[in-house]
Structures are given as structure tokens and as C-alpha cells.
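I am opening a notebook on this structure. My entries follow what I looked up, one topic at a time.

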Amino acid sequence: MSNAMQYLTKNMNGNVLVSLKNGSWVRGILRAFDNHLNLIVDNAEEMYHVQTPEGVQLRTTRLGKRILIRGDTVVAISTPGGSGEE
């Protein structure tokens, strides 16, 4: 098993922050993944930046109780703990 797969397995059922190719981020609880980095994420929220007259603001939108993120849209995956190594 690759290091990336070990990292995801170790962080299963934990919080993740997923960077997507469109520039937005999705955060939620990682429930499942496969070799193509297709991800099942629960309690997902999309996070994105919006230009307003006051400046750039971070906005969030609830996506749903459970979503599928296609692996070909994933740029990076991080966890609150950082490296995931103990």
C-alpha cells in the first residue's frame, strides 16, 4: 500500500480538507476512498473566496449529508493534524 493510501486509511472517519481543481475547498468527514482518489465525505461544506466591496471574504455552503468527490478533481487532501504521522 502506498504512503498516500496509508495516510488516508489512518485518517478514515476524521476531518479532511480537500482542495479542488476549480479553486474551492471541501471540508468534512472522510468515510471512504479508492485508488483513483474518489472520496466519500460526510457533512460536507464547500469553502470559496468571494470578492466584495469590503475585500475578499471566505464563504461556506453546505453541500449535503454525504457527497462523492471524483478523484480527477482532487488537488490535495489535508487533515487538521498536519502530517498525519505520530
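Which residue in β5 stands opposite Leu20? I looked it up and found Val74.

**Entry: the strand pair.** I am working with a predicted model. I turned to β1, which covers residues 15-20. I found 4 bridges joining β1 to β5. The two strands run antiparallel.

**Entry: the sheet.** I then traced the strand order. I read it as β4-β3-β2-β1-β5, with 5 strands in an open sheet. The pairing is antiparallel. I noted β4 (55-69) and β5 (74-78) as the edge strands, since each pairs on one side only. I also looked up the twist, which averages 30° from one strand to the next.

**Entry: the helix.** Next I asked what α1 touches. Helix α1, residues 3-10, packs on the sheet and touches β2 (25-33) and β5. I noted that the direction of α1 makes about 95° with that of β2.

**Entry: Ser2.** I found Ser2 in the segment before α1.

**Entry: confidence.** I looked up pLDDT last. The chain averages 89, and 93% of the residues score at least 70. Among the elements of the chain, β2 has the highest mean pLDDT, 96. The lowest mean belongs to α1, at 88.

Key:
Residues are numbered from 1 along each chain as its sequence is written. This is a predicted model: local features need pLDDT of at least 70, side-chain atom pairs count only at pLDDT 80 or more; totals for chains, interfaces and linings use all residues. Side-chain values use heavy atoms; hydrogens and water are left out. Two strands pair if DSSP finds at least two bridges between them. Axes are lines fitted to C-alpha atoms, for helices over the stretch in contact, and angles run from 0 to 180 degrees between N-to-C directions. Contact means heavy atoms within 4.5 Å. pLDDT is the predictor's confidence in each residue, from 0 to 100.
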